[in-house]
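Biologist: Could you walk me through this one, feature by feature? I'd like the general idea each time, and then the case at hand.

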Amino acid sequence: MNLAATSFGIAMAAGALSIVAALTIPARARSALVGSGVAITGLAGVAAGAAAMTGQAFSLALTGVLPLSGVSFSLDALGGLFVAVTGGVAVATGIYGISYAREGSRSTQAALPVFVTAMLLVPVASTVGTFGLAWELMALASLLLVLTEHRHRPEVAGAGRWYAVLTHAGFITVLIGLLLLAGHATGDSFPELREAAGHLSPAVAGIVFVTTLAGFASKAGIVPLHAWLPRAHPEAPSHVSALMSAAMVNLGVYGIVRIGFDLLGGGPRWWWLLVLALGAVSAVYGILQAAMGTDLKRLLGYSTTENMGLVLIGVGAAGLFAASGDRGLAALALAAALLHVVGHATFKTLLFLAAGSVLHATGTRDLDALGGLRSPMPVTTAAFGWGALAASALPPGTAFVSEWLLLQALIHGLPASGVATAIAMPVAVAAVALTAGLAVATFVKAFGVGFLARPRSSAAGNAHESPATMLAGMAVAGAAAAVLAVAPSVVLPGVAAASNAALGAAGPAVTGVVTLRLAGIAGSLSPLMLTLALLAAVLATAGAVRLLSTRRARRAARLWDCGAGPLSARMEYTATSFAEPLQRVFDDVVQPETDVDVTHHRESDYLVAAVEYRRRVPDRIERRLYQPVLTALSAWGQAGRRLATGSVHRYLGYGFYAVCGVLLLVAVTR
Amino acid sequence: MLKLWHKIRRTGRVAEPAPAHPGGDRPAAAVELGGSVQVRHVDAGSCNGCEVEIGSVFGPVYDAERYGARLVASPRHADALLVTGPVTRNMAEPLRRTYEATPRPRLVVAVGDCARNCGVFAGAYGVVGAVSDVIPVDVEIAGCPPRPEAIVEGLRKLTGR
């Protein structure tokens with residue numbers, strides 16, 4: 001028993017105990033016990049993942065647990081990375097949930113440890129059966145958690161329906177792909193699949209890859225299968241949103257990397273061009289929708305689509321480089337993608353937990369009704385501010401390092417062979433750059449409008465700071481984001497081990513402790529020094545301003561309000577008005593619906609009584625793609641109603657004829 | 001765009017030749033400004049006759065900017081206030097606040113007869129009084145409305161150019 005196995009065992013035991021505690025302990029102590037149990041599960045998961053990334057591995061087969069195939073687990077460096085990330089998110093959300101989920105019912109309290117345990121099991125599963133089991137357990141537990149507040153808000157049910165349909169459709173395509181692969185192998189364990197993949201015809205391998213990609217992309221919230229994400233994330237309780245957005249979507253990326261690189265052993269260029277294109281479209285579309293959004297949690301949900309898009313750009317680029325034989329660059333691109341997975345997990349946890357704290361204090365997620373939270377909620381404001389900076393790809397932030405690495409990989413990919421690569425790389429660079437710019441605008445809006453200035457509603461005016469455990473949960477996530485921002489070299493060896501496990505490339509792509517150096521490429525970055533330099537510049541500027549300004553006598557003056565009475569909160573910049581110029585620029589892409597209603601006085605048409613302005617930015621892809629399908633489905637359903645008359649005899653008859661039909665079909669085709 | 005260039009070339013300079021400097025005493029605060037005066041215009045209740053004339057003062061013909069006076073959009077940017085009209089009840093407080101918002105050294109120019117002594121509106125029910133009843137005035141320009149030359153002359157007293 002090595003450290004990885006021991007820690008993983010502890011994680012599973014803690015998870016199981018938390019489930020039991022949630023079901024048996026009386027309500028008073030329940031949330032505290034479940035929250036600490038989830039945090040311990042997460043902590044043990046981090047230890048197991050870290051041990052796996054340093055080279056320890058374990059495998060375990062329990063043949064008696066499930067009929068037919070049994071279950072078997074094996075933890076390697078690639079799985080270890082995702083186990084560690086999931087564990088880390090679970091630590092923060094577990095602590096946060098102690099007071100946040102206090103009113104939760106028995107079943108929703110129990111679903112949380114089930115969800116975390118299932119997410120820890122997915123990257124460890126080493127047979128198709130086990131993988132499917134863990135995947136489905138994760139989907140069901142998260143669905144239950146999304147539906148937590150369905151009694152209080154009717155819109156939760158709709159969000160849950162979207163999530164259930166898309167996640168299960170995704171599961172089915174993944175299953176089809178994996179079973180197709182297993183059909184060509186001697187068994188359903190991953191080593192057997194890996195061996196069989198060598199003899200697969202390109203067409204079958206392509207089908208396997210595309211079907212699994214569709215399923216995993218829907219889990220990762222990739223356009224056009226993202227429709228569930230901006231619905232389910234806002235409606236779920238915030239610590240669940242954090243778990244889903246920071247840990248669960250990553251497992252979609254895990255699936256793509258595991259199947260594409262590890263099991264199928266890379267592949268032709270078009271696979272990875274497809275991944276790259278999906279990633280680029282998701283990144284730009286996701287952040288564009290986030291930039292237009294006024295719902296705080298919906299905005300964060302779209303930002304998840306954006307970040308997963310960036311990760312897929314890295315994964316796609318890695319596949320392209322690997323297909324052209326450039327293993328060093330492939331390792332760099334994959335390391336950038338995986339580092340972004342880790343970084344995104346930290347700052348998105350922080351942002352969702354801070355948004356949950358705001359929701360807890362004010363009861364609203366509408367940015368246009370928030371504002372003025374700085375003095376009543378200083379810690380939450382600081383947490384969200386730091387999270388926004390970390391997500392913005394600006395120098396002292398977490399996303400900056402991984403996006404810099406990603407851009408380095410893409411830019412140096414230009415001389416790599418092939419017309420497709422030569423076209424794809426500059427486009428990808430442009431997509432990453434546009435995404436980074438829009439992300440800054442989005443988070444400036446979310447932070448500036450949501451937290452600063454004056455409160456725009458009485459709910460925001462009466463806000464109060466959250467309890468200590470919630471703040472502690474945010475502090476854990478914020479500290480992790482800070483460590484990744486200034487010292488990414490802490491996790492880079494682990495990331496390199498994971499990417500080597502996937503690609504089989506030797507040697508880390510990024511070396512150095514304080515200064516990161518790229519292997520084989522002239523490029524280096526020192527996040528710590530950069531942060532220190534920025535800090536010194538800020539302090540020097542502030543000091544200089546203070547020194548110079550004290551020489552002159554200061555005069556206190558009234559705030560200039562054009563001489564007419566005091567400025568009211570209604571005159572403030574809102575999220576809608578902040579996004580308006582951007583909306584104009586991208587008018588053709590987002591196609592917003594605006595509606596102006598002018599009501600005149602009864603006496604004269606020249607006098608205006610009221611003007612009402614409404615703006616909605618609908619998800620255009622969703623409308624074009626899903627609306628026709630839903631309409632057709634509902635038409636079929638209406639037509640099918642004639643078959644279901646309510647007569648039991650008729651239903652029995654259907655069953656009988658169906659069985660006969662299948663038997664006939666088998667008899668004919670055999 | 002090309003049309004505009006043609007128009008500019010065809011029209012040439014239309015500014016009146018600069019008259020001789022009016023002379024007279026310069027307010028002490030104006031000397032501190034060193035020849036460049038940023039002006040904020042405040043309509044305290046004018047009939048807009050003075051506004052039309054001020055508009056032509058800063059137009060191409062009288063071109064007050066060549067003497068160093070320039071219109072700005074906020075009292076926070078201004079050195080001088082150009083106040084027109086009798087001060088109405090509604091504008092008395094905003095005028096005081098605008099004066100307070102102007103950084104020191106600050107100057108006030110009362111433009112037109114109404115601003116100097118309420119003109120034809122003297123004693124009207126909505127009028128508080130002349131500009132000097134509300135804020136201290138440094139320069140007065142007479143006329144109803146004053147000719148643009150007179151306003152330019154008043155501004156040149158401030159800029160000293």
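Biologist: What is the strand order in the open sheet of three strands in chain A?

Modeller: Some ground rules come along with that. This is a predicted model, where local features need pLDDT of at least 70, side-chain atom pairs count only at pLDDT 80 or more, and totals for chains, interfaces and linings use all residues. Residues are numbered from 1 along each chain as its sequence is written, while chains are lettered from A and ligands numbered from 1 in the order in which they are written. Helices (H or I, at least four residues) and strands (E, at least two) are DSSP runs, numbered from the N terminus, and two strands pair if DSSP finds at least two bridges between them. With that, the order is β3-β4-β5 (chain A), and the pairing is antiparallel. The edge strands, each pairing on one side only, are β3 (510-511) and β5 (524-525) of chain A.

Biologist: How many bridges join β3(A) to β4 of chain A?

Modeller: Two bridges, with β4(A) covering residues 516-518 and the strands running antiparallel. A:Thr511 is opposite A:Arg517 of β4(A).

Biologist: Over to chain B. What is the order in the open sheet of five strands?

Modeller: There the order is β2-β1-β3-β5-β7 (chain B), with parallel pairing. β2 (69-71) and β7 (139-141) of chain B are at the edges with a single partner strand each, so one side of each has no neighbour in the sheet. On average, neighbouring strands are turned by 30° against each other, direction ignored. Axes here are lines fitted to C-alpha atoms, for helices over the stretch in contact, and angles run from 0 to 180 degrees between N-to-C directions.

Biologist: Which residue of β2(B) does B:Val39 stand opposite?

Modeller: B:Leu71. Strand β1 (residues 37-43) of chain B is joined to β2(B) by three bridges and runs parallel to it. β1(B) also pairs with β3(B), in the parallel sense, over five bridges, and B:Asp43 has B:Thr84 as its bridge partner in β3(B). Then β3(B) and β5(B) pair over five bridges, again in the parallel sense, with B:Ala110 in β5(B) as the partner of B:Val83.

Biologist: Is β3(B) mostly covered or mostly open?

Modeller: For burial you count neighbours: a residue is buried if 20 or more other C-beta atoms lie within 10 Å of its own, exposed if 12 or fewer, and partly exposed in between, with C-beta atoms placed from the backbone. β3(B) is mostly covered, with five of its five residues buried. B:Ala80, B:Leu82 and B:Thr84 point one way, while B:Leu81 and B:Val83 point the other way.

Biologist: Which helix packs on that sheet?

Modeller: Helix α6 (residues 148-159) of chain B does, touching β1, β2, β3 (80-84), β5 (107-111) and β7 of chain B, and its direction makes about 165° with that of β7(B). Nine of the 12 residues of α6(B) are buried, so the helix is largely enclosed by the rest of the structure. Among those buried are B:Ile151, B:Leu155 and B:Leu158.

Technical notes:
Contact = placed C-beta atoms within 7 Å.
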